[in-house]
Amino acid sequence: MELTPIARIYNDFPTKFGLPRQSGMSEHLISRIIMEKDFRNAEAFRGIEEFEYLWLLWIFEPMGKRGWSPTVRPPKLGGNRRMGVFATRSPNRPNQIGLTRVRLISVDYTADNGPVLTVSGADLMSGTEIVDIKPYLPFADSAPNAAAGEYGLDTQELLEVEIPEEVAALFSGRQLEALREALTFDPRPGYQNDPGRVYGFAYGEYDISFKVSGGRALVTGAKKNR
């Protein structure tokens with residue numbers, strides 16, 4: 001079976017590190033979905049504004065020669081516990097297909113490459129290929145009290161975030177909040193806890209550096225990356 005990419009998504013996260021691990025963890029992160037030329041047909045989107053949320057089916061980066069493994073060590077669980085790949089969200093899967101829920105902000109039918117969807121809350125790296133878009137139906141798709149094991153939100157240790165004024169001034173209000181959300185959920189692997197180590201990730205036009213100590217993420221700088 002061959003999957004045909006219908007679109008690509010674009011946002012401020014060009015690399016995986018720093019990117020929200022799950023959809024909805026950064027509701028302030030804005031992304032634009034640009035359709036491939038063959039799918040730029042307004043009729044295909046008729047009625048989509050009636051839905052507040054959408055499902056995106058997308059393609060992980062190829063895993064290279066590693067192939068897939070029946071068990072994985074999720075970094076967020078410390079990297080020591082093995083779990084079955086089908087009991088995790090690991091990208092190391094038989095088929096590199098991802099599923100993400102996003103909030104639909106707007107649809108621009110007048111853009112030269114339209115229709116263009118603007119969405120929030122995606123956990124996709126900028127440039128990721130999308131293979132399908134479906135409406136989210138709360139009555140069928142939501143189970144807010146379902147068990148989630150160690151992936152439950154109540155098991156996540158949230159960080160306080162400190163961003164210096166000179167760094168905060170580089171971003172719009174929404175970009176700044178998305179950056180804060182990314183750091184709140186601690187982008188480091190669960191097995192890394194060195195308070196002296198400086199971490200970094202690309203965000204928009206800047207490389208962000210930060211440290212984590214005592215339950216607090218401190219941004220130490222922002223350097224232009226292009």
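This is a predicted model: local features need pLDDT of at least 70, side-chain atom pairs count only at pLDDT 80 or more; totals for chains, interfaces and linings use all residues.
Trainee: In which sense do strands S6 and S7 pair, parallel or antiparallel?

Mentor: The general idea first: two strands pair if DSSP finds at least two bridges between them. Strands here are DSSP runs of E (at least two residues), helices are runs of H or I (at least four), and both are numbered from the N terminus. In this structure S6 (residues 97-108) and S7 pair in the antiparallel sense, over five bridges. Residues are numbered from 1 along each chain as its sequence is written, and side-chain values use heavy atoms, with hydrogens and water left out.

Trainee: How many of the five residues of S7 are buried?

Mentor: Buried means under 20% relative accessible area, exposed means over 50%, and partly exposed is in between (1.4 Å probe, protein chains only). For S7 (residues 116-120), five of the five are buried, so the strand is largely enclosed by the rest of the structure. Both faces are covered: Val116, Thr118 and Ser120 are buried on one side, and Leu117 and Val119 on the other.

Trainee: Is Gly149 buried or exposed?

Mentor: Gly149 has 60% relative accessibility, so it counts as exposed. You'll find Gly149 in the loop between helix H1 (138-141) and strand S9 (160-162). Asp141, found in H1, is partly exposed at 32%.

Trainee: What is Asp141 in contact with, leaving aside its neighbours within four places in sequence?

Mentor: Contact means heavy atoms within 4.5 Å. With those neighbours set aside, Asp141 is in contact with Trp55, Pro135 and Tyr136.

Trainee: How many aromatic pairs does a search of the whole structure find?

Mentor: Such a pair is described by the distance of the ring centres and the angle of the planes. Rings of Phe, Tyr and Trp (its six-membered ring) pair if their centres lie within 6.5 Å; planes under 30 degrees apart are stacked, over 60 edge-to-face, and the rest tilted. The search finds twelve pairs. One of them is Tyr53 with Tyr136, an edge-to-face pair with 5.9 Å between centres and 65° between the planes. Tyr53 lies in strand S3 (residues 53-59) and Tyr136 in the loop between strand S8 (129-135) and H1, so the pair ties together parts that are 83 residues apart in sequence. Tyr53 is buried at 18%, and Tyr136 is buried at 11%.

Trainee: What sits over the ring of Tyr53?

Mentor: A charge sits over a ring if NZ of Lys or CZ of Arg is within 6 Å of the ring centre and within 35 degrees of the ring normal. For Tyr53 it's the charged end of Arg101, 4.5 Å from the ring centre. The charged end of Arg101 also sits over the ring of Tyr136, 5.7 Å from its centre.

Trainee: What is the order of the strands in the open sheet of four?

Mentor: Angles run from 0 to 180 degrees between N-to-C directions, using axes fitted to C-alpha atoms, for helices over the stretch in contact. The order is S9-S12-S11-S10, with mixed pairing. S9 and S10 (199-203) are at the edges with a single partner strand each, so one side of each has no neighbour in the sheet. From one strand to the next the twist averages 30°. Helix H3 (residues 173-184) packs on this sheet, touching S9, S10, S11 and S12 (216-224), and its direction makes about 145° with that of S10.

Trainee: Which residues have the most contacts inside the largest nonpolar core?

Mentor: A nonpolar core is a set of buried Ala, Val, Leu, Ile, Met, Phe, Trp, Tyr and Cys residues joined through side-chain atoms within 4.5 Å. The largest has 24 residues, and those with the most contacts inside it are Ile163, Phe171, Leu179, Leu183, Phe201, Tyr203 and Ile208. H2 (165-168), H3, S10, S11 and S12 each give two or more residues to this core. H3 gives the most, with five. Another core, of 20 residues, lies apart from it and has Ile9, Leu56, Val119 and Ile130 among its members.
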